[in-house]
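Trainee: I have this one open and would like to go through it with you. Where do we begin?

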Amino acid sequence: MKVYFVYILKCSDGTFYTGYTNDLLKRLGEHSLGRYSDSYTYTRRPIQLVFYLEFTNPSIAIETEKQIKNWSQAKKVALINGEFDKLPNLAKKRF
């Protein structure tokens with residue numbers, strides 16, 4: 001069974017990068033080595049893996065990645081720290 005990953009990296013500037021891959025170790029190596037000079041993490045190295053989820057359905061993994069990318073930094077921190085009860089109250093936009 002193929003496994004897909006949604007992951008969050010903490011960059012050297014304190015920002016987070018959220019990505020999707022089917023080979024987490026390979027992708028982390030690419031980020032760390034700066035394989036793609038136009039990627040978000042290239043100028044923000046070193047990076048640190050702070051969170052990941054595993055999926056068997058690629059569509060759900062991609063949907064989850066898109067959802068997390070739209071979250072505020074505070075909501076991502078709560079997810080990383082396992083503070084799941086805080087997630088509903090940490091909306092990106094406040095009205």
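Mentor: Begin with helix H2, which lies across E1, E2 and E3 and runs at about 170° to E2. Keep in mind that this is a predicted model.

Trainee: Which other helix lies across E1, E2 and E3?

Mentor: Helix H3, residues 73-80, lies across those three strands, running at about 60° to E2.

Trainee: And the sheet itself, what is the strand order?

Mentor: The order is E2-E1-E3, in an open sheet of 3 strands with antiparallel pairing.

Trainee: Which strands stand at the edges?

Mentor: Strand E2 (16-21) and strand E3 (48-55) do. Each has a single partner strand, so one side of each is left without a neighbour in the sheet. From one strand to the next, the twist averages 20°.

Trainee: How many bridges join E1 to E3?

Mentor: There are 7 bridges between strand E1, residues 4-10, and E3, and the two run antiparallel. For a specific pair, take Leu9 in your viewer: its bridge partner in E3 is Leu49.

Trainee: Changing topic to the core. Which residues touch the most other members of the largest nonpolar core?

Mentor: Ile8, Ile68 and Leu79 do, in a core of 13 residues. At least two residues of this core come from each of E1, E3, H2 and H3. E1 gives the most, with 3 residues.

Trainee: What does Ile68 touch, leaving out residues up to four places away in sequence?

Mentor: With those left out, Ile68 touches Val6, Ile8, Thr18, Lys76 and Leu79.

Trainee: Now the charged residues. How many salt bridges are there?

Mentor: The count comes to 5 salt bridges, with the nitrogen and the carboxyl oxygen required to be within 4 Å. One of them joins the side chains of Glu30 and Arg27, at 3.1 Å from N to O.

Trainee: Where do Glu30 and Arg27 lie?

Mentor: Both are in helix H1, residues 24-33, and they sit 3 residues apart, about one turn of the helix.

Trainee: Are Glu30 and Arg27 buried or exposed?

Mentor: Both Glu30 and Arg27 are buried. For Glu30 the relative accessible area is 12%, and buried means under 20%.

Trainee: What else does Glu30 meet in a salt bridge?

Mentor: Arg35, with 3.6 Å from N to O between the two side chains.

Trainee: Why does Arg35 count as exposed?

Mentor: Because its relative accessibility is 54%, and exposed means over 50%.

Trainee: Which partner does Glu65 have in a salt bridge?

Mentor: Lys69, and the distance there is 3.3 Å, N to O. Both are in helix H2 (residues 58-69), 4 residues apart, so about one helical turn separates them.

Trainee: Are Glu65 and Lys69 buried, partly exposed or exposed?

Mentor: Glu65 is buried, with a relative accessible area of 12%. Lys69 counts as partly exposed because its relative accessibility is 40%. As for a network, salt bridges with shared partners join Arg27, Glu30 and Arg35 into one.

Key. Residues numbered from 1 in each chain as written. Predicted model: local features only at pLDDT ≥ 70, side-chain atom pairs only at ≥ 80, totals over all residues. Heavy atoms only, no water. Buried < 20%, exposed > 50% of the residue type's maximum accessible area, 1.4 Å probe, protein only. Pairing = 2+ DSSP bridges. Axes fitted to C-alpha atoms, helices over the stretch in contact; angles between N-to-C directions. Contact = heavy atoms within 4.5 Å. Core = buried A, V, L, I, M, F, W, Y, C linked by side-chain atoms within 4.5 Å.
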